[in-house]
Amino acid sequence: MLALTLVLLIGVGFGALIEIEYPNSSGLPEGVERADQLMIFFIFENYGNGLFRGLFVGCMISAALSTASSIIAVISSTVHLDLLEKKLRRFGRFEITGRAVSVITGILCYLLGKSLILREY
């Protein structure tokens, strides 16, 4: 509970800093196309090439990969246990097919994400 509160306070603090630095009434700064780019713009503008900038980008990539990994694990577990369990117990290959479902789910999620990104840009 304490960790969740700390994460929430850090997020609110960054939001307050960005709101103070770039108020809504002044519009977006030059070089920023959308409002969701403000946080990374703030970090890059105010912290130069130092350790904090690299640490921040590394944390963002780590959080994105962790979220993607959790999504793949949940989808593959749901498909494996809820949809295929009864049929696969007959053949005795329950563990092997679980890994195969994870690999297939990962590939499908990658292809879906790639197609959405290509359609956007």
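Which residues does Val32 touch, not counting residues up to four places away in sequence? Val32 touches Gln37, Leu38 and Phe41, where contact means heavy atoms within 4.5 Å. The model shown is predicted, so local features need pLDDT of at least 70 and side-chain atom pairs count only at pLDDT 80 or more, while totals for chains, interfaces and linings use all residues. Residues are numbered from 1 along each chain as its sequence is written, and side-chain values use heavy atoms, with hydrogens and water left out.

**View 1. The largest nonpolar core has eight residues.** Its members are Phe14, Ile18, Tyr22, Val32, Leu38, Phe42, Ile43 and Phe56. A nonpolar core is a set of buried Ala, Val, Leu, Ile, Met, Phe, Trp, Tyr and Cys residues joined through side-chain atoms within 4.5 Å. Buried means under 20% relative accessible area, exposed means over 50%, and partly exposed is in between (1.4 Å probe, protein chains only). Helix H1 (2-21) and helix H2 (38-47) each supply at least two residues of this core. The most comes from H2, which gives three residues. Helices are DSSP runs of H or I with at least four residues, numbered from the N terminus.

**View 2. Glu21 of helix H1 is in contact with Phe42 and Glu45, leaving aside neighbours within four places in sequence.** Glu21 counts as partly exposed because its relative accessibility is 41%. Leu38 is 17 residues from Glu21 in sequence, and their C-alpha atoms are 10.0 Å apart in space.

**View 3. Arg53 is buried yet has no salt bridge.** A salt bridge is a side-chain nitrogen of Lys or Arg within 4 Å of a carboxyl oxygen of Asp or Glu. For Arg53, the nearest side chain of opposite charge belongs to Glu45, which is 11 Å away. Lys and Arg count as positive and Asp and Glu as negative, while His and the chain ends are not counted. Arg53 is found in helix H3 (residues 51-83). Not counting residues up to four places away in sequence, Arg53 touches Ile43, Phe44, Tyr47 and Gly48.

**View 4. The structure holds one salt bridge, formed by Arg34 and Asp36.** The closest N and O atoms of this pair are 3.2 Å apart. Are the two partners buried, partly exposed or exposed? Arg34 counts as partly exposed because its relative accessibility is 36%. Asp36 counts as exposed because its relative accessibility is 57%.

**View 5. Ser76 lies in helix H3 and Gly98 lies in helix H5.** These two residues are 22 places apart along the chain, and their C-alpha atoms are separated by 7.6 Å. Ser76 is buried because its relative accessible area is 6%. Gly98 is also buried, with a relative accessible area of 14%. Leaving aside neighbours within four places in sequence, Ser76 is in contact with Val101, Ser102 and Thr105.

**View 6. Ile72 has its place in helix H3 and is partly exposed.** The relative accessible area of Ile72 is 24%. Apart from neighbours within four places in sequence, Ile72 is in contact with Ser102, Thr105, Gly106 and Cys109. Leu84 is twelve residues from Ile72 along the chain, with 17 Å between their C-alpha atoms.

**View 7. Val103, Ile107, Tyr110 and Leu111 make a nonpolar surface patch of about 420 Å².** Patches are made of residues with over 30% relative accessible area and no salt bridge; like charges are joined within 9 Å, and nonpolar side chains (Val, Leu, Ile, Met, Phe, Trp, Tyr) within 5 Å. Accessible areas come from the Shrake-Rupley method with a 1.4 Å probe, and for residues only the protein chains shown count as cover. Ile107 lies in helix H5 (residues 94-120). Ile107 counts as partly exposed because its relative accessibility is 48%.
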